[in-house]
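Dear colleague,

Please find the structure below. My notes on its strands, core and aromatic rings follow.

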Amino acid sequence: LFRSFNVLDSYTIGHEESNTFNRTIYQHLIAYDEYKKKWVPILAKDFRRINPTTLEFDLRENVKFHNGNPFNADDVKYTADWATAPESKVVFKDRYTWIKQVEILNPYKIRIHSREPFSTDLGALAYRLRIYDKETHEPLQDKSDYGRIGIGTGPYKLISLDRNKGVVVEKFDEYFNGDGGYFRAPAKRVHGLFIPDRQTRIA
């Protein structure tokens, strides 16, 4: 890896080096399959456009966070509400403020309402809105602490993060591999080491 970092949280830090791991720890409702050139469901199992400002999502019922907490609509609404709240210290906040409201229809069905028609709403959800565990994130006084424990739903879970020793992730055995498990963990354990010397990084 190049630059060191002490949190794995794209809402707090925008380093591409940390995002390499963020993408495998946290997940989105949908993704864009860049090979097949189509939108694919991730934490959502199906989705549809209701009108120009409303998207509806059926959420998966077999998903767990790395700490064992079940994933449901409350986590999606909480993450979006927190990311768009004026008092939240989120980098690149305009990536999220297009969201007007997340409406919960039942524990596994939501609607996302935009403030106005937004042509890249699917892209924003596929690349920006990573879903966090409400039960763990909400009580934190310093929200950036969440990036130090790294609880997501992805194929890898965070084992350790240290500015000197690097970052270690391991395959999450309870990842929903069956129906719609889009991403895979090709290695059981990955250890990323930081390169402190700038000339070495350039070389």
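Strands β7 and β8 (residues 166–171) pair in the antiparallel sense over six bridges; pairing requires at least two DSSP bridges between two strands, and strands are DSSP runs of E with at least two residues. Within this pairing, Y156 stands opposite K171 in β8. Both strands belong to an open, antiparallel sheet of three strands, ordered β7-β8-β9. Because β7 (156–162) and β9 (189–192) each have a single partner strand, one side of each is left without a neighbour in the sheet.

Please note that this is a predicted model, in which local features need pLDDT of at least 70, side-chain atom pairs count only at pLDDT 80 or more, and totals for chains, interfaces and linings use all residues. Residues are numbered from 1 along each chain as its sequence is written, and side-chain values use heavy atoms, without hydrogens and water.

The structure holds 13 aromatic pairs (Phe, Tyr or Trp rings, the six-membered one for Trp, with centres within 6.5 Å; planes under 30 degrees apart are stacked, over 60 edge-to-face, the rest tilted). The rings of F5 and F194 are edge-to-face, because their planes stand at 75 degrees, with centres 5.0 Å apart. F5 precedes α1 (16–25) and F194 lies in the loop between β9 and α6 (198–202), so the pair ties together parts 189 residues apart in sequence. F5 is buried at 0% relative accessibility (buried means under 20% relative accessible area, with a 1.4 Å probe and protein chains only). F194 is also buried, at 11%.

Yours sincerely

Notes. Helices (H or I, at least four residues) and strands (E, at least two) are DSSP runs, numbered from the N terminus. Buried means under 20% relative accessible area, exposed over 50%, partly exposed in between (1.4 Å probe, protein chains only).
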